[in-house]
Structure formats: structure tokens, C-alpha cells
Amino acid sequence: MIKMKTVVKGIPGSGKTTFCLNLVVERDPRRTIYISYSRKAIHEARKRAMEKYGLESSEIKWFRTIHSLCYRALGYSREDILTEDKIKEFFDKWGLPYAISGRWERVLEEGYFSKVQQVEEIPDGNKILALRSYLIHKEKKRISDIRNLEAKVSDFISKFGNFDDERLDIPTVVEILKDYERFKGDKIDYEDVLLEFLERGSIEDVDVLIVDEFQDLTPLMYEIVKKLERVTKEQFYVGDEAQSIYEYLSASPEFLIREFENADKKVILGKSYRLPDNILKYAMDFLRRNCKKIISSEFEGSGRNGRIERVFYLDVKLLKRLESIDTHILFRTNRQKREFKKFLIENGIFFREMGMGKRIWTPTAIKIYKFLIKLKKREKIPREFLSVLELVPYEPFLHRGIKAKIKKGKIFMLKDEITLEDLKRLFRKPEVLEDPQRLLDALMIEVELKDVIRRKFVLNPTEIDEKNCIWVGTIHSDKGGEARVVIVHLELPKIIKRRLIENMENEARVFYVALTRAKEWLILVGENDLTWI
């Protein structure tokens with residue numbers, strides 16, 4: 001079999017995913033494996049292939065995340081998966097907290113891929129599973145086959161932080177890891193499916209292998225890709241080693257660097273359509289100072305100049321300006337993000353959230369706030385906002401039967417917008433509509449949510465736009481994202497500072513990702529305690 005391997009390196013905003021999608025429609029999708037971490041990219045690839053070749057979705061078997069691909073190839077079903085409820089039962093037995101994500105059972109079956117967030121930010125049960133994942137991916141072995149397990153657990157803890165529960169010393173953690181393997185029995189979880197495929201899985205009748213975000217492969221994933229490489233004629237590996245930031249999953253940029261060096265054909269996408277020239281140069285100069293191996297030395301920005309600014313802190317006046325502009329505010333850890341969310345809430349600033357953590361401004365909260373603003377301005381109320389009235393208690397406010405009619409869509413059926421006078425007819429005490437804060441007090445919602453809405457309504461009663469607004473997240477949660485304004489907080493937590501010298505390159509790649517999200521304006525926040533940025 002004549003083989004041809006093409007490795008594509010692209011800087012941020014250069015169109016790497018578009019390159020992959022174009023490859024997909026140029027080849028028979030029934031004989032193509034397309035691996036991506038992005039559900040959106042997989043969905044788009046499948047859609048394009050179906051339209052061009054007149055195929056059904058079921059005929060395109062191998063457009064998947066790597067976990068979903070292995071799951072499908074091995075012929076597993078939902079009954080084979082260890083459910084999150086069972087995992088919680090296991091950690092309850094050990095007296096440890098475990099946060100259920102609510103989508104574990106769909107991860108393998110439907111192709112979700114949710115990278116584990118920074119391990120020091122999650123409950124101890126989830127930390128232990130993150131540790132297990134790291135060890136399996138790095139060693140490419142089952143827990144029972146890993147030698148010197150205690151030493152490797154100790155190394156992980158020294159890198160990524162300790163557990164919250166003081167009982168969790170290294171011997172106890174090792175015993176929990178072994179007990180988890182016994183508890184699973186013949187069920188599989190997220191990592192088992194990869195090991196199983198590496199040992200006994202196979203895919204036949206395929207010619208092409210396309211892997212996007214190649215720099216995010218772990219050692220275990222890389223071995224699976226090499227196994228798939230042996231049964232395909234053409235391989236296309238696409239990525240950017242400078243954006244390899246999942247060290248805590250054991251991902252490494254070395255695999256992309258190695259494949260690029262040995263490729264039959266090398267392609268560099270060196271023009272960024274996202275980044276202004278000066279922001280791209282700033283990010284590249286920073287990267288070169290701190291990383292030894294950079295595949296691409298040539299780059300070109302969008303032809304525009306952006307704005308780069310340093311500030312010691314973010315003041316409320318600036319945040320209010322940015323509230324209606326597409327803005328991403330990025331932190332190194334979730335703990336830092338949580339503290340900043342409190343600051344935004346206290347000052348009545350509207351924001352959305354990326355990554356893990358409890359959502360503050362939920363769709364319900366947004367709808368309530370918009371409803372109150374309409375009342376305050378005495379403007380007509382969009383019909384879809386009537387659902388807010390379902391949160392109003394009947395006694396002493398609403399006429400009987402109103403909520404049921406709203407739910408069934410039988411109120412003001414011929415109107416798209418409702419006047420204040422129309423609304424008053426639904427109330428026994430219509431005067432409550434003259435005082436939006438009193439109405440908010442009456443709503444049957446959490447006290448915490450009322451406080452968030454009230455602060456925004458009193459301190460900063462502006463219109464909100466869910467798309468053009470402030471988004472808050474960690475740098476990791478914004479990988480693949482972009483915004484007109486990007487604000488990067490430079491402060492590092494102690495555990496990361498402690499190992500900064502030995503881990504400089506990984507931290508440089510993390511902050512490079514942050515710098516390269518900005519389409520127009522980059523703001524760096526904090527004292528320059530990072531001498532390298």
C-alpha cells in the first residue's frame with residue numbers, strides 16, 4: 001500500500017478546522033476517519049459530506065471524537081457503560097464528594113468530549129478520576145499494570161496540587177484507585193474504551209485518516225492514531241504545537257513536532273485572519289522567548305493593527321463599557337474566575353460563563369431581568385416573556401388559572417407584544433407591575449438569584465445582549481474561541497508559580513493561547529510578576 005502523510009501546522013486564526021472540513025468533502029466520507037475534539041466541527045463535516053454525496057448520517061460512521069470512534073468500533077452499547085450514578089455511589093462509600101456532570105453516559109455514545117478541567121479546582125472524587133485518567137493516558141496501561149504506582153501518584157500531586165481531604169495520603173489514594181477497578185467489574189468508563197481499542201479494536205475499509213488538534217493527543221491517543229495510520233493510505237494531521245496546553249491530561253506537543261519532521265508533505269498555514277499584526281507579533285515574540293521548539297518561523301497577521309494595553313486592575317467604569325461588547329476575560333484557574341464573578345455581581349455587571357462552574361446568569365435570570373427593564377421603561381413585553389409570570393405566586397397577585405393558560409399559550413394569542421395595561425388584567429394586584437423591584441421580591445426563585453438580578457437592575461440598569469457581552473472563563477475553556485476584546489489576568493496561583501522554572505514552556509503555551517484570542521484589543525491585567533510575559 002502506497003502511503004502519503006501530510007502534516008499541517010497552522011497559527012491561531014489561520015483556518016485549520018476549515019482546512020480539515022475541505023479535506024472531508026474531497027474524499028469518500030464512507031472510507032474516511034475524521035477525528036476532532038469539537039462536536040461542532042464533526043457535525044459540520046458530516047453535514048457537508050451528506051449534502052455533497054447524498055448520504056445518510058448512518059453511512060458516515062467514522063466522523064467522531066476519538067472516544068466515540070473507539071466505542072463504536074468495539075460495538076459497545078449504553079448498558080456496558082459505568083454510569084455516573086454508580087461512580088457517585090463508589091465515592092460515597094469512601095466518603096468523598098463527586099460532581100456529576102449530567103452527560104457521562106452520552107460521552108461515548110454520542111461523541112461528546114469534555115476535557116477534565118484543572119484538577120485543583122474540582123471535588124476530591126473527580127480529582128481521583130482525573131489522576132486515574134492522567135496515569136492511564138501517560139502510561140498507556142491499566143492501573144493494575146502500572147509499576148511504581150505510588151511514586152507516579154506522588155509526582156502527579158506535586159505537579160497539580162493536593163487533595164482537600166487530609167485523609168487522602170498517597171497510600172490511601174492508591175488503594176482507592178485499585179478499589180475503583182474492582183468496583184467497575186465488567187463495565188467500561190471513559191478511559192477503558194481507549195485501552196480496549198488499542199488492545200483489540202480494528203476498523204476496516206477505510207482509506208483516509210484526518211486528525212484535527214493533533215497537538216492535544218495524549219500518549220495513549222497517539223498510539224491509537226498510529227494504529228489507525230497502519231490501515232489507511234492517506235493521513236492528514238493538523239494542529240499547532242504552540243497551542244498544546246493540556247499537560248494535566250498528559251498531552252504533549254512532541255507528537256506533532258515528530259510527525260511534522262517525518263511528513264511526506266509539510267504545510268504551514270502562516271496567515272492569521274483573526275489576529276491584528278501587532279497582537280500576533282507580540283504573542284509570537286513572547287512564545288519564541290520561552291519555547292525552544294517552534295515549527296513555524298514565518299507568520300502574517302490580518303493586515304490590521306490592534307490595541308495592546310497594560311493595566312494594574314479592571315475598574316467598574318471600563319467593565320460597564322465592555323458589557324455590550326464581545327469580550328472574553330480569562331484567568332489561569334477556576335478559583336480565580338469564581339472570585340472575579342463575585343466582583344462582577346457586586347457591581348451589577350452582566351456576564352456569561354465559559355467552562356465549568358455554576359451558571360449565574362441562566363436563561364431564566366436573563367428573561368426576568370429583561371422583563372423588569374421593559375416594565376421600568378413601560379415598553380411592550382414580548383410574548384415569550386410571559387413565562388416569567390409562571391414564577392409569580394397566585395396569592396395575592398394573580399387571577400386563578402392564568403399560569404395554566406400561559407403554559408398552554410392561550411393568553412394574548414393574537415399578540416406578539418403585550419402592553420402594560422394588558423398585563424394588569426391578569427393580576428389581582430396590578431399595582432405590583434408599577435414597582436418592578438416589588439415584583440422581583442414576589443418571584444418564586446432562589447434568594448441568591450434575586451440578589452444578582454436586583455444588583456444589576458439597581459446599580460446598572462442597562463439593556464443586555466447575550467451575544468455581545470462579557471464572557472468569563474479560564475484560558476483552557478477559551479481554547480478555540482475569539483473575541484473583539486480579550487482581557488488576560490497575569491496572576492498565577494502559588495502551585496503554578498512554584499514550578500514555573502521547570503514548567504516554563506507549558507505555561508508559555510497556555511498564555512500564548514490567551515493572547516491569541518484577541519481580534520481587536522488585548523488587555524493584560526496585573527503587576528508584571530511574570531518576567532517572561
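Predicted model: local features only at pLDDT ≥ 70, side-chain atom pairs only at ≥ 80, totals over all residues.
Reader: Let's start with helices. At what angle do helix 3 and helix 10 pack?
Author: About 55°, with the axes 12 Å apart. Helix 3 covers residues 66–74 and helix 10 covers residues 219–229. That angle makes helix 3 oblique to helix 10.

Reader: And is the crossing left-handed or right-handed?
Author: Helix 3 passes helix 10 in a left-handed crossing.

Reader: Which residues meet there?
Author: From helix 3 you have Ile66, His67, Leu69 and Cys70. Helix 10 brings Met221, Ile224, Val225 and Leu228 to meet them.

Reader: Zooming in, how many bridges join strand 8 to strand 13?
Author: Four, and the two strands run parallel. Strand 8 takes in residues 327–331, while strand 13 takes in residues 483–489. As for a specific partner, leucine 330 is bridged to valine 488 in strand 13.

Reader: Now the backbone. Where is the cis peptide bond?
Author: The cis bond joins glutamate 395 and proline 396, with omega at about 0°. Proline 396 sits in the loop between strand 10 (381–382) and helix 16 (402–407).

Reader: What is phi for asparagine 148?
Author: Near 55°, which is a positive value in a residue other than glycine. Asparagine 148 lies in the loop that runs between helix 6 (124–139) and helix 7 (149–160).

Reader: Is asparagine 148 buried or exposed?
Author: Asparagine 148 is exposed, because its relative accessible area is 60% and the cut-off for exposed is over 50%.

Reader: And what about phi for aspartate 205?
Author: Aspartate 205 has a phi near 60°, again positive in a residue other than glycine. You'll find aspartate 205 in the loop between helix 9 (192–200) and strand 4 (208–211).

Reader: Why does aspartate 205 count as exposed?
Author: Because its relative accessibility is 55%, and exposed means over 50%.

Technical notes:
Residues numbered from 1 in each chain as written. Heavy atoms only, no water. Axes fitted to C-alpha atoms, helices over the stretch in contact; angles between N-to-C directions. Parallel < 35°, antiparallel > 145°, perpendicular 65-115°, else oblique. Left-handed = near helix turned anticlockwise from the far one by under 90°. Contact = heavy atoms within 4.5 Å. Pairing = 2+ DSSP bridges. Buried < 20%, exposed > 50% of the residue type's maximum accessible area, 1.4 Å probe, protein only.
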